[in-house]
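Take a look at the structure, then read on.

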Amino acid sequence: MNILLLGSGGRESALAWKIAESPLLTKLYIAPGNGGTSRYGTNVALSPLDFQAIERFVNDNKIDMIVVGNEDPLVAGIYDWFEDKPVKVCGPSKAGAALEGSKDFAKRFMLANGIPTARYRSFTAETLKEGKEFLATLKAPYVLKADGLAAGKGVLIIDSLDEACTALEEMLGGMFGKSSATVVIEEFLSGIECSVFVLTDGAGGYRILPVAKDYKRIGEGDTGLNTGGMGAVSPVVFADDEFMKKVESRIIRPTIDGLAKEGITYRGFIFLGLINVGGEPMVIEYNVRMGDPETEAVMLRVDSDLLQLMDAAASGNLGDLELRHSPLTAVTVMMVSGGYPGSYPKGKKITGIEDVTESIPFHAGTAVDSEGNLVTSGGRVISVSSTGTDVADALAKSYRSIDKIGFEGKYSRTDIGRDLMALAERK
């Protein structure tokens, strides 16, 4: 099979690595890719949102399937663009991608299908007064979400009611452009979060991938600003058989059935952002693709041929294909540029990556400069992923590998997975 993978981050690096293992693969192209994805295939200078250029490339290179890494092309309707063309797309239709593209739609979908989630209401500039009144009925902290995509920055959690009311005005006034023309306000849920990934074929078939937990804050002990993700661990100690039975019966099956009931075509990955509230799973959000940096840990625990599974899902028939989970623990620790998630320099030379032997350095924000040097090109630079017998073993490998990789201003959290190790000790 000839595959075109769209994206350029650590998630796409991990997907490319896994796809490249498949005996079904003939040729893998990554558009646009990064400084490390050329190890697994051929980088192509295409924008994932330029559907006309992608179509020409698909035709010229006899592409059999497009695998969509990030959400933007899905929300823009890439599945629908190619629906009547002789190439499969692993990803949902535009209607299905609204689960991530519109938080208001996602909440209404959950409510209609009895899926447990936080109490909420949605507001526009015309209903600002009612929004402030609703905020006053909630307890702090207050959660405000831009309805549309906002590059991971559209969720505000605020402790003060007055500040929350001001933030609501600013969001509805254009803080996130059109994305916050509608704002979802919901009650704050207290618990431990985890990420559950499902691959579905749109015909009722689905497979559950290894569960992961990611770490969003820049600072140790989950402090400081939110980032795109500083690390991830899989499996998650509290996501045991009892918890996952609840997830499957109360969330996964109603989601799959709800999509079918509404006539929505969905052939690809569903990301369930869950929170464990006293042993009961509730949905914080849907994403319509794999997560980042969770993918960089999850792929290390997928023992089946992922390309075969994605092809079956995109074809509408997972049949009896098995998705096997490795018993090993996988972790990923993100190396980021100094200053991230604020302003940060680019073009810093990266050294020592060739010396890493016990981990996989999945490139995220890297590029190759005009002199052939590997350099930084983003805030999240390299996701160092390892497997081990437990969290401590896998983490030790990742941290030893991080010590070998150098670039000016490099930073990584040293406490990834520590909370899960503490939970495991108490069990």
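Start with two helices, α7 (residues 128-136) and α8 (residues 161-175): their axes come within 10 Å and cross at roughly 150 degrees. An angle over 145 degrees counts as roughly antiparallel, so α7 is roughly antiparallel to α8. Keep in mind that this is a predicted model.

**Helix α7 against helix α8**

- The crossing of α7 past α8 is right-handed.
- Which residues of α7 make the contact? They are Leu128, Gly131, Lys132, Leu135 and Ala136.
- On the α8 side, the contact uses Leu161, Ala164, Cys165, Leu168, Glu169 and Leu172.
- Sorted by class, the residues of this contact between α7 and α8 are 8 nonpolar, 1 polar and 2 charged.

**Helix α5 against helix α6**

- Two packed helices are described by the angle between their axes and by the distance between the axes.
- Helix α5 covers residues 94-101, and helix α6 covers residues 103-112.
- Their axes lie 6 Å apart, and the packing angle is about 100 degrees.
- Angles of 65 to 115 degrees count as roughly perpendicular, so α5 is roughly perpendicular to α6.
- From α5, the contact takes in Ala95, Ala98, Leu99 and Gly101.
- From α6, the partners are Lys103, Phe105, Ala106 and Phe109.
- What classes of residue meet in the contact of α5 with α6? There are 6 nonpolar, 1 polar and 1 charged.

**The second largest pocket**

- The second largest pocket holds about 260 Å³ of space.
- It is lined by 15 residues.
- Val211, Ala239, Asp240, Asp241 and Met244 are the lining residues closest to the centre of this pocket.
- Which helix gives the largest share of the lining of the second largest pocket? Helix α9 (residues 241-261) does, with 4 residues.
- By class, the lining of this pocket has 9 nonpolar, 1 polar and 5 charged residues.

**The largest cavity**

- How many cavities of 30 Å³ or more does a search of the whole structure find? The search finds 1.
- The largest cavity holds about 30 Å³ of space.
- Its lining is made of Leu15, Val67, Val68, Gly69, Phe269, Arg289 and Met290.
- The classes in the lining of the largest cavity are 5 nonpolar, 1 polar and 1 charged.

Note on methods
Residues numbered from 1 in each chain as written. Predicted model: local features only at pLDDT ≥ 70, side-chain atom pairs only at ≥ 80, totals over all residues. Heavy atoms only, no water. Axes fitted to C-alpha atoms, helices over the stretch in contact; angles between N-to-C directions. Parallel < 35°, antiparallel > 145°, perpendicular 65-115°, else oblique. Left-handed = near helix turned anticlockwise from the far one by under 90°. Contact = heavy atoms within 4.5 Å. Nonpolar A, V, L, I, M, F, W, Y, C, P; charged D, E, K, R; others polar. 1 Å grid on protein atoms, 1.4 Å probe; cavity = no way out; pocket = protein on both sides within 12 Å on 5 of 7 lines; lining within 4 Å. Points joined across faces, edges and corners; volume = space filled by probe spheres on them.
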